[in-house]
Amino acid sequence: MSKQTKLKNFINGEFVSSASQFDDFDPTTGRVHARVHEADEAAVDRAVRAARAAMQGPWGRMSIAERSELLFKVADRINERFDEFLAAECLDTGKPWSLARHIDIPRGAANFKVFADIIRNVPTECFRMETPDGAGALNYGVRVPKGVIAVICPWNLPLLLMTWKVGPALACGNTVVVKPSEETPYTATLLGEVMNEVGVPPGVYNVVNGFGGDSTGEFLTRHPMIDAITFTGETITGTAIMKNAAVGVRDVSFELGGKNAGVVFADADFEAAGDGIARSTFANCGQVCLGTERVYVQRSLFDRFVEALAVRAKALKPGLPADAATGIGPMVSRQQRDKVLGYYQRAKALGANVVSGGGVPAMPDEYANGYWIEPTLWTGLPEDSPIIREEIFGPCAHLRPFDDEDEVIALANDTPYGLCTTVWTQGAARAHRVAEKIDVGITWVNCWFLRDLRTSFGGAKHSGIGREGGVHSLEFYTELRNVCLKL
Ligand code: NAD
């Protein structure tokens with residue numbers, strides 16, 4: 001499908017056209033690169049019914065070993081078609097190939113392998129009773145698939161975040177209906193081809209394209225035959241989805257927004273901290289839920305650190321995905337770029353000291369309509385400023401000095417979000433103390449975005465509900481039944 005510019009829905013193993021279509025834009029030029037077929041309510045219904053039939057048919061009858069084998073083949077096939085996935089992902093998002101080559105596409109494949117492996121090695125619990133009435137009775141747990149899972153995805157790491165849910169859902173024996181972001185449907189479509197190529201039965205993996213509220217996303221989440229909903233996106237969208245999930249008491253797993261703090265202590269390795277905070281702020285043009293938008297630096301280092309981070313920001317050359325010299329790509333859409341630019345203007349109006357960036361870089365004529373934006377750093381704003389309270393989701397951060405550990409813990413925790421934090425210190429005892437007190441799902445010490453897929457992933461407070469990753473994913477994607485057997 002490499003040259004295909006029509007992205008159709010994938011229902012019951014077939015690519016299905018629809019009368020209503022919308023544009024998919026290349027963020028580097030602002031030009032349309034594909035037409036996307038939109039799934040209406042009837043198409044969503046067909047996809048959900050196909051997923052239900054596959055559960056009751058070949059997929060439901062397959063052994064764990066057979067299922068796992070197929071998922072390994074999916075991963076292998078993604079790797080065989082690596083360059084196509086890479087080109088598609090970068091066309092949809094504008095992100096540098098260097099990034100997608102090392103993160104998005106390999107993780108897209110790994111998400112199938114890891115869960116295909118885990119599912120073959122999950123122990124089941126068993127308790128032997130000793131009470132007078134139950135002496136000798138055995139209680140054992142049986143995990144069964146939850147059913148048809150709705151998978152709703154964002155645009156920032158399209159393949160990675162989608163397969164992070166599809167991998168474990170399928171490994172556990174469920175079937176899925178995926179709603180990719182309207183901005184980035186390309187790799188979800190390619191994955192449909194891969195499913196057919198390796199022999200995943202029709203109906204196991206379905207894709208419905210379209211928008212969110214009052215559209216495809218909502219048709220899917222309120223469909224009565226959906227058994228559970230897994231969603232990655234904005235907290236406010238999660239709230240809307242939860243209302244639909246409440247009807248029929250469906251389970252949800254939510255990975256939501258963040259306003260993550262980076263904390264740099266005076267005993268940190270200065271260069272490593274500078275590189276790490278720069279990466280966590282500017283990678284993927286700041287469009288990473290785990291990104292750092294608030295930086296707290298111990299006072300003795302502050303001025304030097306601000307300067308060092310500004311040097312790194314200014315060195316990021318905006319450019320095209322395929323260019324090895326590209327340090328930063330465009331944002332995903334005009335709307336997102338304008339939203340972030342709005343924050344840049346507000347920061348200035350609120351009296352921020354703009355240390356670097358703050359606008360749009362000059363680009364050659366051909367790319368002047370792309371969604372470019374400068375990496376930006378500020379100092380000097382009070383903590384109650386919207387720049388420090390609200391998730392911006394752009395390549396920007398505010399820096400502020402702190403004096404001691406208790407103060408910075410309070411600052412880091414003073415947010416409704418609780419996704420992750422990154423702490424830079426060479427003191428092991430301090431690292432443990434601080435990690436325990438910051439109210440987030442993930443703390444990285446002296447690193448960022450270092451992921452072991454066997455570990456839990458998810459947010460505290462407004463940043464999510466539940467944990468996925470490793471065996472934690474099985475908690476969500478299976479129903480645990482207990483059998484009590486009196487001999
Ligand atoms: P979004 O919430 O706008 O959209 C996400 C998906 O939800 C899209 O597919 C959209 O079409 C769909 N949607 C929107 N409204 C819906 C509704 N009412 N019903 C059903 N579906 C609906 O998020 P986005 O702008 O695509 O992504 C950016 C956000 O995602 C940021 O807030 C970011 O922090 C968050 N995010 C979180 C994580 C995490 O792991 N915690 C990872 C990546 C992104």
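Predicted model: local features only at pLDDT ≥ 70, side-chain atom pairs only at ≥ 80, totals over all residues.
Figure 1. The size of an interface is often given as the accessible area lost when the parts come together.

**Figure 2. How the chain divides into two domains.** The domain assignment gives domain 1 as residues 5-256 + 463-486, while domain 2 covers 260-453. Taken over C-alpha atoms, the centres of domain 1 and domain 2 are 30 Å apart. Where they meet, 31 residues from domain 1 and 29 residues from domain 2 take part in the contact.

**Figure 3. A salt bridge between Glu 366 and Arg 31.** Side chains of opposite charge can pair when their charged atoms come close. Here the side chains of Glu 366 and Arg 31 meet at 3.8 Å, N to O. Between domain 1 and domain 2 the count is 1 salt bridge, and a search of the whole structure finds 31 salt bridges. The Glu 366 and Arg 31 pair links distant parts of the chain, 335 residues apart: Glu 366 is in the loop between β15 (353-356) and β16 (376-379), whereas Arg 31 is in strand β5 (residues 31-37).

**Figure 4. Polar contacts and the side of domain 1 that touches domain 2.** Have a look at the polar pairs too: between domain 1 and domain 2 there are 8 residue pairs in polar contact. On the domain 1 side, β4 (21-26), α4 (82-93), α5 (97-102) and α6 (104-118) each supply at least two residues. Helix α6 gives the most, with 4 residues. The residues on this side of domain 1 divide into 12 nonpolar, 12 polar and 7 charged.

Figure 5. A polar side-chain atom of Lys 179 lies 2.6 Å from an oxygen atom of the ligand. For Glu 182, a polar side-chain atom is 2.7 Å from a ligand oxygen atom. Glu 234 takes part through its backbone, where a polar atom is 2.9 Å from an oxygen atom of the ligand.

Definitions and conventions. Residues numbered from 1 in each chain as written. Heavy atoms only, no water. Domains from an automatic or database assignment. Contact = heavy atoms within 4.5 Å. Salt bridge = Lys/Arg side-chain N within 4 Å of Asp/Glu carboxyl O. Polar contact = N/O pair within 3.5 Å; in protein donor to acceptor, adjacent residues only side chain to side chain. Nonpolar A, V, L, I, M, F, W, Y, C, P; charged D, E, K, R; others polar.
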